[in-house]
Amino acid sequence: EERERPVLFVVDQRTPMFFGSRLAMKSVAAAELAALGVWRALDVGDRIGGVVFNEEEILSLRPGRSPTQALRFFHDLERMNRRLAEPEPPVGDVTLNAALQSASRMATHDHLLILVTDLDGADEETSKLATRLCAHNDLLVVAVYDPLGAQLSGYPGMRATDRGRSWEIPPGKRFEEDFESIFAKTVERWTSLFRNLQIPIFPLSCATPVIDQIHELLGPQK
């Protein structure tokens, strides 16, 4: 509701985001959500900026109010998105926490930060950084997921491959139950943390059109 405030989009484009079983990759859903948010923020008069990151680099753009600013952000986002599809995926030591630290250096006061990520690698340091950001800013977490990451059905020996790497479902009847249990525990851990910090969390499925999920959450008039 507050107008003319800086809005900072922190968008994850690391290798774990390069996954999708139905409609789109998580990385693509994240980019689409960010694009819709950027145009909406500019439309109501807010300043927009961003942090886009993968394992190799963090690109930061300080908030501004012009469409040119949006196009610069989209250029960085598209380049990292395309990088994921290259034969050799990004390699480096950039983490989610490093991206949040970069965002915190820009968001000193009265910013709205929208973190779009699958929370891969989130840990206790992530919660400390989120707490620090919330001290003087508002934070919204968009947790991107794929239904196959929540419930994996298959039989022992079934294989998946990606650019020369392969994985195999191990033997044992409890694999599916254990897989679902681990996912559920991870979701509960972060949902509980963000709830305690009064941080809204919006689950975003990459198996459903992004715009439909936004309409369901906010209503078509938004």
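T208 lies in the loop between strand β8 and helix α7 (210-218); helices (H or I, at least four residues) and strands (E, at least two) are DSSP runs, numbered from the N terminus. The model is predicted, and local features need pLDDT of at least 70, side-chain atom pairs count only at pLDDT 80 or more, while totals for chains, interfaces and linings use all residues. Residues are numbered from 1 along each chain as its sequence is written, and side-chain values use heavy atoms, with hydrogens and water left out.

**Loop residues**

T208 has 35% relative accessibility and therefore counts as partly exposed. Buried means under 20% relative accessible area, exposed means over 50%, and partly exposed is in between (1.4 Å probe, protein chains only). Contact means heavy atoms within 4.5 Å. Leaving aside neighbours within four places in sequence, T208 is in contact with L23 and Q213. The C-alpha atoms of T208 and R165 are separated by 28 Å, and these residues are 43 places apart along the chain.

V91 is found in the loop between α2 and α3. With a relative accessible area of 66%, V91 is exposed. Not counting residues up to four places away in sequence, V91 touches E55 and E56. V91 and E56 are 35 residues apart in sequence, but 5.7 Å apart in space, C-alpha to C-alpha.

Most residues other than glycine have a negative phi. D110, in the loop between α3 and β4, has a positive phi, near 60 degrees. L119, in the loop between β4 and α4, also has a positive phi, near 65 degrees. D110 is partly exposed, at 41% relative accessibility, whereas L119 is buried, at 12%.

**Nonpolar cores**

A nonpolar core is a set of buried Ala, Val, Leu, Ile, Met, Phe, Trp, Tyr and Cys residues joined through side-chain atoms within 4.5 Å. The largest one has 30 residues, and F9, V38, F73, V142, V144 and L204 have the most contacts inside it. Helix α1 (residues 26-43) gives the most to this core, with eight residues. A second, separate core has 24 residues, including A107, L119, L133 and W190.

Leaving aside its neighbours within four places in sequence, L204 is in contact with A29, L33, V142, A143, V144, Y145, V210 and Q213.

**Aromatic pairs**

Rings of Phe, Tyr and Trp (its six-membered ring) pair if their centres lie within 6.5 Å; planes under 30 degrees apart count as stacked, over 60 as edge-to-face and the rest as tilted. A search of the whole structure finds four such pairs. One of them joins F9 and F73, which are tilted, with 6.4 Å centre to centre and 45 degrees between the planes. F9 lies in strand β1 (residues 6-12) and F73 in helix α2 (residues 67-83), so the pair ties together parts that are 64 residues apart in sequence. Both F9 and F73 are buried. Ring pairs link F9, W39, F73 and F74 into a cluster.

**Helix α3**

In helix α3 (residues 96-106), the buried residues are L96, N97, A99, L100, S102, A103 and M106. They pack against β1, β2 (47-53), β3 (58-64), β4 (112-117) and α4.

**Cavity and pocket**

On a 1 Å grid over the protein atoms alone, a cavity is a set of points where a 1.4 Å probe fits but cannot get out, and a pocket is an open set with protein on both sides within 12 Å along at least five of seven lines; lining residues have an atom within 4 Å of a point. Grid points are joined across faces, edges and corners, and a volume is the space filled by probe spheres set on the points. For the classes below, Ala, Val, Leu, Ile, Met, Phe, Trp, Tyr, Cys and Pro count as nonpolar, Asp, Glu, Lys and Arg as charged, and the others, Gly among them, as polar.

| Space | Volume | Lining by class |
|---|---|---|
| Largest cavity | about 40 Å³ | seven nonpolar, one polar, no charged residues |
| Largest pocket | about 1,600 Å³ | 25 nonpolar, seven polar, 10 charged residues |

The structure holds one cavity of 30 Å³ or more. The lining of the largest cavity consists of L100, L115, L119, T126, A130, L133, L139 and F194. Helix α4 (residues 124-134) gives the largest share of this lining, three residues.

The largest pocket is lined by 42 residues, of which P16, F19, K26, G149 and F179 are the closest to its centre. The largest share of the pocket lining, nine residues, comes from α6.
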